[in-house]
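Hi there,

Here is the structure I promised to pass on to you. Have a look at it, and then read my notes below.

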Amino acid sequence: MNNRPSSLRNIVTLIAAITLLTACKETKTYTIGVSQCGQGQWREKVNHEMLAAQHLYEQHVKVTIANAHDNTQLQIHQIDSLVNEGIDLLVVAPNESSQLIAIISEVRKKGLPVIFFDRKAVTDDYTSFIGGSNVEAGRASGEYAIQVVEAMSISGRKPFIMEITGNMNTSPAQERHEGFVQAMEGHEAIHYVCFEGDWSSDEACRIVEEQIQSGNLPDLVFCHNDGMATGVYKAVVENGLEGKIKILGIDGLPGEGIEYVQFGHQAGSYIYPTHGERIVRLALDILTGKPFERENILQGMMITPENVNLVDLNSRELMKQNHDLIIIQNKLEDSLQLYSTQHKLLIASLVGLVVLALAVILAWYAYWQSRRTLRQRQSMNEEQTLFYTDASNRKLHELFIIPEDQLPPPRSQDMIFAEQLNEIIRKKMSNPNLKMEQLGEEMGLSRIQLYRKVKAITGQSPVELLRQMRLQKAYSLLTSTTKTIAEIAYEVGFGTPGYFSSCFKKQFGKYPTDLRTE
Ligand code: FRU
């Protein structure tokens, strides 16, 4: 059985291969933590796009989003939690540009890449930026505002343009204002005033209301987002000035800015691009060591009554595609879940199978080993030789020592029985009170069954067989040891030396003493 170590080796190799196979399947999942400064439709859209992009690329990605509800302290806390959760990269839209410098620097010190999106913090310690150009959004809105008021053919006074900013602690408000001012420059014929808002529609509404009440009516109000523009529209409608005051906003979302332009509530809006999928792509490029741009400016565009229907059509189509994508993803998620369960089950059954095979092999080996030991012990027994040389026991002789090359494979039941009985008799024969019941019990047979079987195989009764084997053993001891005849008689199980001598004489034709004197 010297192929046992190699079969064991094969099994170990198989287990190792299975383990390796399962280990190889475990591809890295990149966790992207997103810290959103606030809510609103624009952020919901970008969140949606980032989540949808989780299955868009070849790498495994998990996007985790935290919303700070325009609260800088909360945002700092959330960034800290995201980092502690073990994210691989931080994407952040800083609520206020100057308050997040310390926490961002801490994140960077921990070796994590940081992407600013949409908004920036006043620090150079970031990996990459992605978002629309806010200066461009302000400038394009300013240039369009001039066109609109010029088309109003106002005479006798300067056209009046009002700007209501977002929270000026945020980078988009600062940059949109900067771009708008650039567009206003050199237009002395236009009266331009800027009011500071806070991104909320209520505040924008309040500012315009106050302006109307003071009797100083603007011809156009430019708001830093469409949400604020709805506040202005409300004030305008409430004062019966609809159509007289033009309104511009930024974001240009389907269902929001686009509709307001279609309905004529706004004279225009600027599409401030979201592209969550590109944020995830950029994050993966950074994480996988691919080349990437540090500044990634997304293209925006002005929506006017002239192009709004086309823009609406395109964005509806895009939204539908995005919706379909999410349905596909959910289905994919379900299939992946199923696959993962099946995969685990398969591995478990393979391991079970291997363990079972191992157990069978070991059991078989143990059985084989015990059979071999038994055979070896029997063949080494020198008395057997003597026993078999007795010509009067031809039948037994054939049973016990048939030359190996004549052994009929496989071994017969009788042969196995004879071997076992032989073994037991040898073990027990020294007991002078040994009963046939005991022998039968050892063989799992009744006294009668034992008698029948022994008689059938050897032609002798068990008692005769026992006596004969005792005498053979005695013969061997007499010729190979210096033990006394009495000692030998007791050793082979005769009650008295006298009875032993007479049985010996009957069996071998001479007394034990004769053997000693020869
Ligand atoms: C949403 C929002 C948008 C605006 C952007 C600027 O939170 O206020 O309306 O365009 O943020 O960061």
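**What I found**

Leu 332, Leu 336 and Tyr 339 make a nonpolar surface patch of about 270 Å². A patch here is made of residues with over 30% relative accessible area and no salt bridge, where nonpolar side chains (Val, Leu, Ile, Met, Phe, Trp, Tyr) are joined within 5 Å and like charges within 9 Å. Accessible areas come from the Shrake-Rupley method with a 1.4 Å probe, and for residues only the protein chains shown count as cover. Leu 332 sits in helix H11 (residues 308-380) and is partly exposed, with a relative accessible area of 38%. The burial words work like this: buried is under 20% relative accessible area, exposed is over 50%, and partly exposed is in between (1.4 Å probe, protein chains only). Helices (H or I, at least four residues) and strands (E, at least two) are DSSP runs, numbered from the N terminus.

Before going further, please keep in mind that this is a predicted model: local features need pLDDT of at least 70, side-chain atom pairs count only at pLDDT 80 or more, and totals for chains, interfaces and linings use all residues. Residues are numbered from 1 along each chain as its sequence is written, and side-chain values use heavy atoms, with hydrogens and water left out.

Now the overall picture. The protein has 20 helices and 12 strands, and 44% of its 518 residues count as buried.

Asp 70 lies in the loop between strand E2 (60-67) and helix H3 (72-84), and counts as exposed at 51% relative accessibility.

Which residue has a positive phi of about 75° although it is not a glycine? That is Trp 199, in the loop between strand E7 (191-195) and helix H7 (201-213). Trp 199 counts as buried, at 17% relative accessibility. His 275 also has a positive phi, near 50°, and is placed in the loop between strand E10 (268-271) and helix H10 (276-287).

On to the salt bridges. Side chains of opposite charge can pair when their charged atoms come close. The rule used is a side-chain nitrogen of Lys or Arg within 4 Å of a carboxyl oxygen of Asp or Glu, and the count comes to 18 salt bridges.

- Arg 108 pairs with Asp 125, the closest N and O atoms being 3.3 Å apart. This pair links distant parts of the chain, 17 residues apart: Arg 108 is in helix H4 (residues 101-109), and Asp 125 is in the loop between strand E4 (114-117) and strand E5 (128-132).
- Glu 136 pairs with Arg 139, with 2.9 Å between the closest N and O atoms. Glu 136 and Arg 139 are separated by about one helical turn because they are three residues apart in helix H5 (residues 134-151).
- Arg 43, Asp 118 and Arg 119 are linked in a network of salt bridges.

Enjoy exploring!
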